[in-house]
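Here is a short note for a colleague opening this structure for the first time. Please keep the sequence and the 3D view side by side while reading.

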Amino acid sequence: MKRKQNHTKTDNNSLKRILSDKTDFDTVETYKTIRTNIMFSMPKTEEGKVIVVTSSMPNEGKTTTSINLAITFAQMGARVLLIDCDLRKPRIHRYLNIEKSEGVSNILCGFCEFDKAVKKGIKENMDCLTSGDTPPNPAELLETEEYTKLISDLKSKYDYIFIDTPPTTIVTDALIMFKQSSGV
């Protein structure tokens, strides 16, 4: 019981860190600075830039950063997709208060199509693809041709795709996704 209370407290603290009209000026400007740095580091000619967000250890703020970067890019009018590829301990659905069913894992396994799984209009110009059901083999699932094709197809639909991943020192999932990305 105590563990659940701590877990909820962590989620509530994280929810407070998601950009909103109540966010302090310094935090908003920090994310805008990061946005500008990312924009200058990406080739202009590349269609659908894919940015993988990871960390070395758990609880370093990668999910919060993924969401806030997606929001910041969407605010400038870019078509943005936020994907929760932390198939082991997904959190984006909780932070954004959306259903996690029918997400990445379901698409990759052929149980549903992207158009049925995507949560449209989470924020203006921003869609979200949750993790979906927890698979028994996340790393292997992300290394399939289906994942490569999914990301390739999405690049033509979105200007920026932000992918939240597990920490790199815990599992190899993020490392697998690096090869499909424009930057990490």
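1. Start at phenylalanine 162. This residue is buried, with a relative accessible area of 0%. The model is predicted, and that applies to every point below.

2. Tyrosine 160 is one ring partner of phenylalanine 162. The two ring centres lie 6.4 Å apart and the planes meet at 20°, so this pair is stacked. Planes under 30 degrees apart count as stacked. Tyrosine 160 is itself buried, at a relative accessible area of 8%.

3. What lies over the face of tyrosine 160? Lysine 49 does, at 5.6 Å from the ring centre.

4. The count of aromatic pairs comes to four. Another of them joins phenylalanine 73 to phenylalanine 162: the centres are 5.1 Å apart and the planes are at 55°, so the pair is tilted. Phenylalanine 73 sits in helix H3 (residues 62-75) and phenylalanine 162 in strand E5, so the contact ties together parts 89 residues apart in sequence. Phenylalanine 73 counts as buried too, at 0% relative accessibility. Through ring pairs, Phe73, Tyr160 and Phe162 form a cluster.

5. Now the largest nonpolar core. It has 26 residues, and Leu81, Ile83, Phe114, Leu129 and Ile163 touch the most other members. Elements giving two or more residues include strands E1 (49-53), E2 (80-84) and E5 (160-164). Helices H5 (104-108), H6 (114-117), H7 (138-142), H8 (145-155) and H9 (173-178) are also among them. Which helix gives the largest share? H8 does, with four residues.

6. Take isoleucine 83 as a way into the packing. Leaving aside residues up to four places away in sequence, isoleucine 83 touches Ile92, Val104, Leu129, Ile151, Leu154, Ile161, Phe162, Ile163 and Asp164.

7. Another core lies apart from the largest one. It holds 24 residues, among them Met42, Val53, Ile98 and Met126.

8. Check the confidence before reading details. The protein chain averages a pLDDT of 86, and 90% of the residues score at least 70. Confidence is highest in strand E4 (residues 126-129), at a mean of 98, and lowest in helix H1 (residues 2-16), at 48.

9. Treat the start of the chain with care. Over residues 1-10 pLDDT stays under 50, and the model has one contact for them beyond four places in sequence. Where pLDDT is low, predicted coordinates should not be read in detail.

Technical notes: Residues numbered from 1 in each chain as written. Predicted model: local features only at pLDDT ≥ 70, side-chain atom pairs only at ≥ 80, totals over all residues. Heavy atoms only, no water. Core = buried A, V, L, I, M, F, W, Y, C linked by side-chain atoms within 4.5 Å. Buried < 20%, exposed > 50% of the residue type's maximum accessible area, 1.4 Å probe, protein only. Contact = heavy atoms within 4.5 Å. pLDDT = per-residue confidence, 0-100. Phe/Tyr/Trp six-rings, centres within 6.5 Å; stacked < 30°, edge-to-face > 60°. Lys NZ or Arg CZ within 6 Å of the ring centre and 35° of its normal.
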